[in-house]
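Biologist: I would like to learn how to read the features of a model such as this one, one at a time. Could we begin once the sequence and the structure are in view?

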Amino acid sequence: KFNTQNIIDSSEAFDNGVLINLEKNENNKLVLKNGCATGTYLSPIIETSHFDTLVGSWSAITNQQTGSLEVFFRVLVDGVWSDYFTYGEWRLGDQNRGVSKKSSNGIAEMDEDTVFILNDKTASAYQYKVEFNRLDENNQSPELLLVACCIKVIGYEEVKLDYTKIKQEVVYDVPQLNQNIVPVIGNSICSPTSTTMLLKFYGHSFEHDDYAFEHQYVAMLAKDYGHNMFGNWVYNVAVMGAYGEFAYVKRFINNDELMWHLENVGPVALSVKGNMQGYYNTGGHLLVCKGYKIVDGEVIFICNDPNIKNVEVEY
């Protein structure tokens, strides 16, 4: 039991679970053993503070050459386990399909990318498994870098920063993209547009003959065909992972936690809602927060908002 809402397993953490037909490669990523077409990683049971929602995510190199991964989570409520919830078999370039379902015992349900604990209850532990698959044992194996879990902890203690002891300004040079210039789907691709900006920040390029815009191409990679949506957070993270990036879904409870991340980790795609200081109102939107500055004790966040014409904006 601990005061954290974000748990990331990678490398050494995988030694604590059960590996079937899997091993680590020279880069400490989990891969299928030679001659094996399928394999499974089963995590230990991970006890946590009580929580009412969970979002799992992963980073893995998986594509048409390597095969696929399927990630499952289950939760423990009052000593009873839910069914395993799947994020669907996933491989970069496929028409990947998320799955919404309720546990057969009615204690939890998967709704798009989030597991909700039902009946006003909370969970106190979770467990996950990852299934590896390739069509031919001679093909490259999928490479699993990390599995992450973010939970909404009941009674979570917020992080508080001393603004006099941190950098007064942190801004990253993240490329700017406007979602609305993409025809037909532009008004619904804030998530993959944010993903594209971050991938470009890390040096990736997405010129493609079939698409006029880079974020149009990435949107089709990130699309959840099961729910017919581009805003599945987990699938957007999976796209970044497929390009070798250390990516995961994370929960920030306040602005101080966001500032710590910006100073110590890097820019981040944020899910936001509400009145965006008069620019527009939203029930849910993704943008890139690329930095902050402290001016006369007030925190100003510098963002690339794909719904703003000039993209860069201060909130």
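Biologist: Which residues does I185 touch, not counting residues up to four places away in sequence?

Modeller: A word on the source comes before the reply: this is a predicted model, in which local features need pLDDT of at least 70 and side-chain atom pairs count only at pLDDT 80 or more, while totals for chains, interfaces and linings use all residues. Residues are numbered from 1 along each chain as its sequence is written, and side-chain values use heavy atoms, with hydrogens and water left out. Contact means heavy atoms within 4.5 Å, and on that basis I185 touches Q216, A219, M220 and F230, not counting residues up to four places away in sequence.

Biologist: Where is the place of I185, and is I185 buried or exposed?

Modeller: Helices (H or I, at least four residues) and strands (E, at least two) are DSSP runs, numbered from the N terminus; in those terms I185 sits in the loop between β15 (169-171) and α1. For burial, the cut-offs are under 20% relative accessible area for buried, over 50% for exposed, and partly exposed in between, with a 1.4 Å probe and protein chains only. I185 has a relative accessible area of 17%, so it is buried.

Biologist: Which helices do the buried residues of α2 pack against?

Modeller: They pack against α1 (190-201) and α3 (233-242). Helix α2 itself (residues 214-222) is mostly covered, as 8 of its 9 residues are buried, among them H215, Y217 and L221. In α3, 9 of the 10 residues are buried, so this helix is largely enclosed by the rest of the structure. The buried residues of α3 include Y235, N236 and M240, and their cover includes β6 (46-61), α1 and α2.

Biologist: How many residues does the largest nonpolar core have?

Modeller: A nonpolar core is a set of buried Ala, Val, Leu, Ile, Met, Phe, Trp, Tyr and Cys residues joined through side-chain atoms within 4.5 Å. The largest has 59 residues, and those with the most contacts inside it are L54, W58, F73, V75, Y126, Y128 and L144. Its largest share, 7 residues, comes from α3. Another core, of 20 residues, lies apart from it, with V268, Y280, L287 and V299 among its members. As for W58, the residues that it touches include L69, Y87, W90, L144, V234 and A247, not counting residues up to four places away in sequence.

Biologist: Which places have a positive phi although the residue is not a glycine?

Modeller: D78 has a positive phi of about 50° and is not a glycine; D78 is in the loop between β7 (68-77) and β8 (80-81), where it is exposed, with a relative accessible area of 55%. D296, also not a glycine, has a positive phi of about 55°; D296 is in the loop between β17 (281-295) and β18 (298-304) and is exposed, with a relative accessible area of 82%.

Biologist: How many helices and strands does the protein chain have, and what is its radius of gyration?

Modeller: The chain has 4 helices and 19 strands. The radius of gyration is taken over C-alpha atoms, and the globule rule is 2.2 Å times the number of residues to the power 0.38. With 315 residues, a compact globule would have a radius of gyration near 20 Å, and the 20 Å of this chain agrees. The C-alpha trace spans about 55 × 50 × 35 Å along its principal axes. Buried residues make up 54% of the 315 residues, and of the contacts with a separation of 6 or more, 65% come from residues 24 or more positions apart.
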